[in-house]
Amino acid sequence: MSSNDLDALLRVTSSTYRGETPPDIAFGTYDGAVGRLVLAVTAKGIVACSYEAENDVFERVTRHLGQFIGPDLRRLDPVRRELDAYFSGRLRAFATPVDLTLATPFARTVLQKTMAVPYGTTTTIERIGESIGRPRALRAIGNALASNPVCVIVPCHRVLREDGELGDYPGGAAAKQHLLNVERRAIAG
């Protein structure tokens, strides 16, 4: 699906329900300090906050959830406001519920442990492995973090390599460093 096809589909979807019957899954983007994030929100919570291309996220959400997807500002705007507050250093914990439906069962376990890493602190892949009883599953844990469908909100950026290096991040090293700096400045300030 091309970007033009996705735009046309969202326009048709938007005009089809005309605000009367909102989509099952709200879909849109957020342009912030670390680039464009693609957002998808279900009735359970945010299912995607991704650095991936809109088409890729749209197709994955459609494939896994297969429901009516379209723009819905009523559900997207609260997430966007929280992201604005987070990036400005005013928000330390997201209130938006997280829906990890797009993650594998193993990845859910890893990401839930990641959600417990306090704001402004870091941990390591090795510590995550120990905490889930899988100390040798470092590559699998790294893959789970790299495929985090709800970046920023599920703070995989707080997980470093054992040597203290940043390691991989879905949005790239610069985005990861920026997120860590936002949190460090907020804690220090």
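**Entry 1: helix H3**

I began with helix H3, residues 73-87, and found that its 15 residues reach 20 Å from the first C-alpha to the last, close to the 21 Å expected at 1.5 Å a residue. I note that the model is a predicted one.

I then asked which residues of H3 are buried. They are Arg75, Leu76, Val79, Arg80, Glu82, Leu83, Ala85, Tyr86 and Phe87. In an α-helix there are 3.6 residues a turn, so residues three or four places apart point the same way. The cover over the buried residues of H3 includes the strands S1 (25-32), S2 (35-41) and S3 (46-50), together with helix H7 (173-188). After H3 comes glycine 89, which has a positive phi near 85°.

**Entry 2: glutamate 82**

I looked next at glutamate 82, which is placed in helix H3. Glutamate 82 is buried but has no salt bridge. I recorded arginine 81 as the nearest side chain of opposite charge, 8.8 Å away. With neighbours within four places in sequence left aside, the contacts of glutamate 82 are Leu91, Ala93, Phe94, Ala95 and Thr96.

**Entry 3: the nonpolar cores**

I turned to the largest nonpolar core, which has 42 residues. Within this core, Tyr51, Leu83 and Val152 have the most contacts. At least two residues each come from S1, S2, S3, H3, H4 (105-115), H5 (125-131), H6 and H7. H3 gives the most, with six residues. I also found a second, separate core of 12 residues, with Ile25, Ala40, Val47 and Val61 among them.

**Entry 4: valine 152**

I followed valine 152 to the loop between helix H6 (138-146) and strand S6 (159-160). Although valine 152 is not a glycine, its phi is positive, about 70°. Is valine 152 buried or exposed? Its relative accessible area is 1%, so I recorded it as buried. Not counting residues up to four places away in sequence, valine 152 touches Leu37, Tyr51, Leu83, Tyr86, Phe87, Phe94, His157, Tyr169 and Leu179.

**Entry 5: cysteines**

A disulfide is a covalent bond between the sulfur atoms of two cysteines. The rule I applied requires the two sulfur atoms to lie within 2.5 Å. For cysteine 49, the closest cysteine sulfur is that of cysteine 151, 6.8 Å away and therefore too far for a bond. For cysteine 151, the closest cysteine sulfur belongs to cysteine 156, and at 4.4 Å this is also too far for a bond. I noted that cysteine 49 is buried, with a relative accessible area of 0%, and that cysteine 151 is buried, at 1%.

Definitions and conventions:
Residues numbered from 1 in each chain as written. Predicted model: local features only at pLDDT ≥ 70, side-chain atom pairs only at ≥ 80, totals over all residues. Heavy atoms only, no water. Helix = DSSP H or I, 4+ residues; strand = E, 2+ residues; numbered from the N terminus. Expected span 1.5 Å × (residues − 1). Buried < 20%, exposed > 50% of the residue type's maximum accessible area, 1.4 Å probe, protein only. Contact = heavy atoms within 4.5 Å. Lys, Arg positive; Asp, Glu negative; His and termini not counted. Salt bridge = Lys/Arg side-chain N within 4 Å of Asp/Glu carboxyl O. Core = buried A, V, L, I, M, F, W, Y, C linked by side-chain atoms within 4.5 Å.
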